[in-house]
Amino acid sequence: MLKLYGGAFSRASIVQWYLEEIALAYEFVMLDMKAGAHLEPDYLAINPMGKVPSIVDENVKLWESGGILLYLADKYGKMPDSPEKRGEIYQWVLFANSTLANGIFLEASREKETPRLMAPLNEIFQKQSYIMGEDFTVADVAVGSILAYIPMMLKLDLSAYPAVLDYIKRVGERPAFQKTIGSRNA
């Protein structure tokens with residue numbers, strides 16, 4: 001059975017959300033980060049960076065939430081057949097983990113980056129329900145999780161981006177989201 005390693009309030013919940021979306025059985029291993037469990041030799045053999053999340057799937061050891069999401073989508077989810085569509089998914093997952101997360105969560109860039117990121121996302125969500133169109137994909141787990149953290153953690157005013165707010169509400173109502181990320185906000 002796949003093992004997902006995480007800590008309290010970590011990006012492991014993003015991976016957990018996707019595992020629930022694709023209904024894949026897994027064991028969640030909660031590491032006590034304050035006690036240094038992520039720095040123990042057994043865990044460093046899985047992730048030499050000593051960060052979470054990480055997974056062990058048979059003989060495969062992976063870390064970095066975006067890489068894990070793409071692996072899971074490729075192996076167990078619904079990845080498109082065309083390299084062009086897969087490339088779009090890769091693009092959105094990488095965008096979420098770097099450009100979007102850094103633009104929103106790094107205080108030094110937040111004021112400048114928020115409108116630069118939210119305006120085009122708002123335009124996209126005015127035209128379609130999800131990142132790739134009308135179907136929910138792993139790209140929505142990546143982007144949706146970062147966007148959903150905004151009202152939970154930052155309380156930024158997104159009223160100028162009503163389609164983004166609708167999207168956050170839409171992904172937040174998904175049962176798998178409620179079971180994972182949503183349950184931490186209760």
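Visitor: Which residues does leucine 100 touch?
Guide: In this predicted model, leucine 100 touches Phe95, Leu117, Met118, Leu121, Val143, Ile146 and Leu147, leaving aside residues up to four places away in sequence.

Visitor: And how many residues are in the largest nonpolar core?
Guide: The largest nonpolar core has 54 residues. Leu100 is among those with the most contacts inside it, along with Leu72, Met118, Leu121, Ile131, Val143 and Leu147.

Visitor: Which one gives the most?
Guide: That's H6, with ten residues.

Visitor: What lies apart from that core?
Guide: Another core, of seven residues, lies apart from it, and its members include Leu31, Tyr43, Ile46 and Val56.

Visitor: Let's stay with valine 56. What is its bridge partner in E4?
Guide: In E4, valine 56 is partnered with lysine 61. Valine 56 is also the bridge partner, in E3, of lysine 3.

Visitor: How do E3 and E4 run, and how many bridges join them?
Guide: Strand E3 (residues 54-57) and strand E4 (residues 60-63) run antiparallel and are joined by four bridges. Another of the pairs is isoleucine 55 with leucine 62 in E4.

Visitor: What do they form, and what's in the turn?
Guide: E3 and E4 form a hairpin with two residues between them. Glutamate 58 sits in the turn and has a positive phi of about 60°.

Visitor: What about E1 and E3, in which sense do they pair?
Guide: Strand E1 (residues 2-6) pairs with E3 in the antiparallel sense, over three bridges.

Visitor: Which way do the E3 residues point, and are they buried or exposed?
Guide: Ser54 and Val56 point one way, while Ile55 and Asp57 point the other way. All of them are buried.

Visitor: Why would they alternate like that?
Guide: Because in a regular strand the side chains alternate between the two faces of the sheet.

Visitor: New topic: what is the volume of the second largest pocket?
Guide: About 260 Å³.

Visitor: What is it lined by?
Guide: The lining of the second largest pocket includes Tyr18, Glu21, Ile22, Asp135, Phe136 and Arg174. By class, this lining has six nonpolar, two polar and four charged residues.

Key: Residues are numbered from 1 along each chain as its sequence is written. This is a predicted model: local features need pLDDT of at least 70, side-chain atom pairs count only at pLDDT 80 or more; totals for chains, interfaces and linings use all residues. Side-chain values use heavy atoms; hydrogens and water are left out. Two strands pair if DSSP finds at least two bridges between them. Buried means under 20% relative accessible area, exposed over 50%, partly exposed in between (1.4 Å probe, protein chains only). On a 1 Å grid over the protein atoms alone, a cavity is a set of points where a 1.4 Å probe fits but cannot get out, and a pocket is an open set with protein on both sides within 12 Å along at least five of seven lines; lining residues have an atom within 4 Å of a point. Grid points are joined across faces, edges and corners, and a volume is the space filled by probe spheres set on the points. Ala, Val, Leu, Ile, Met, Phe, Trp, Tyr, Cys and Pro count as nonpolar, Asp, Glu, Lys and Arg as charged, and the others, Gly among them, as polar. A nonpolar core is a set of buried Ala, Val, Leu, Ile, Met, Phe, Trp, Tyr and Cys residues joined through side-chain atoms within 4.5 Å. Contact means heavy atoms within 4.5 Å.
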